[in-house]
Amino acid sequence: MAEAAKLPVIDLSSPDRFATANSIRQACVEYGFFYLVNHGVEEELLSRVFEESSKFFSLPLDEKMKLPRKEHRGYTPLHAENLDPSSGSKGDSKEGFYIGPLEKNANLNQWPSEEDLPSWRLTLEAYYNKVMSAAKRLVSLIALALNLDEHYFEKVGALDNPQGFLRLLHYPGDLGNPEEEIFGASAHSDYGMITLLATDGVPGLQVCREKFKEPRIWENVSHMPGAFIVNIGDMTERWTNCLFRSTLHRVMPTGQERYSLAFFLDPNPDCIVQCLESCCSESFPQRFPPICSGDYLQERLRVTYGSESEG
């Protein structure tokens, strides 16, 4: 039986930015995960997004398949991806819908028909913009946590047309064949900068703090009403020379239907990700060569989804 993870709670509205930054630093070094409260996204909007998500995933499969995933936008059916290719799973037991940046290349986004879901697009765009705003505020605190100027990531171009992807996720309650190895989402770490996750309260999310140790020890992440669950991505781990950790996590099926909303913040694709000066020294040299953010993400997505081009 997995224990509950004791994740730190970060208050985004705290007036003491340096104390908050210190708390973020500790959370990112020890866990790579934390709760974020007072982030500015209203409960009422969050409820409407979950409502609209449920309406979309309740559509017949042939309707959803009219919006197939292209350029990392649109619908992915059950078992379409396997986040842990080394597992024996036939694919993760979830379906999803991606919405990409609303400014640059906004025309690549796909939307259900207004006839079927009249409030869908407006609701999701409102939520996207609110979460993007919260994520940018958090990034400035992460810069402080790394002993950098709070505008550092803006100055290096990371937040110049950043790549924000919102993914609606639905995990069906039916577990299927009990003899098969089934994961809602198999073990993985996220690829980009940070992820802000909202869940409907149904359990299933687990974290493993020591990803290179065997056997892996998994801890349950409890739902905290009104809070985002934030985790550090591989790109930030690389940027910080592994000071901040990108933590393995997975979703285990519980027999209950589950919905979640994951917002992935990635830098501008042209941004060069290289070891931060505050994260290396003679005794702790740079581990990774500089790399273009877009190239890094493209390769990671290719491994997950196969050879098809992704945005």
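Over which residues does pLDDT stay under 50? Let me begin there, since what I am showing is a predicted model: the stretch is residues 307-311, and the model has 16 contacts for it beyond four places in sequence. For the protein as a whole, the mean pLDDT is 92, with 94% of the residues reaching 70 or more.

I would like to turn now to the aromatic residues. A pair of aromatic rings is described by the distance of the centres and the angle of the planes, and the structure holds 12 such aromatic pairs. One of them is formed by Phe-56 and Trp-120, whose ring centres are 5.6 Å apart with 45° between the planes, a geometry that counts as tilted. This pair links distant parts of the chain, given that Phe-56 lies in helix α2 (residues 43-57) and Trp-120 in helix α4 (residues 120-145), 64 residues apart. Phe-56 and Trp-120 are both buried.

A second pair to look at is Phe-153 with Trp-239, where the centres lie 5.1 Å apart and the planes meet at 70°, so this pair is edge-to-face. Here too the pair connects distant parts of the chain, with Phe-153 in helix α5 (residues 152-155) and Trp-239 in helix α6 (residues 234-239), a separation of 86 residues. Phe-153 counts as buried because its relative accessibility is 4%, below the 20% cut-off, and Trp-239, with a relative accessible area of 2%, is likewise buried.

Finally, let me take you to strand β12, which spans residues 248-251 and contains His-249. Is His-249 buried or exposed? His-249 is buried, since its relative accessible area is 7%. Its side chain makes a polar contact, at 3.3 Å, with the side chain of Asp-190. Leaving aside residues up to four places away in sequence, His-249 touches a number of others, among them Phe-33, the run Ser-186, Ala-187, His-188, Ser-189 and Asp-190, and also Leu-205, Gln-206, Val-207 and Trp-218.

Note on methods:
Residues numbered from 1 in each chain as written. Predicted model: local features only at pLDDT ≥ 70, side-chain atom pairs only at ≥ 80, totals over all residues. Heavy atoms only, no water. Helix = DSSP H or I, 4+ residues; strand = E, 2+ residues; numbered from the N terminus. Buried < 20%, exposed > 50% of the residue type's maximum accessible area, 1.4 Å probe, protein only. Polar contact = N/O pair within 3.5 Å; in protein donor to acceptor, adjacent residues only side chain to side chain. Contact = heavy atoms within 4.5 Å. Phe/Tyr/Trp six-rings, centres within 6.5 Å; stacked < 30°, edge-to-face > 60°. pLDDT = per-residue confidence, 0-100.
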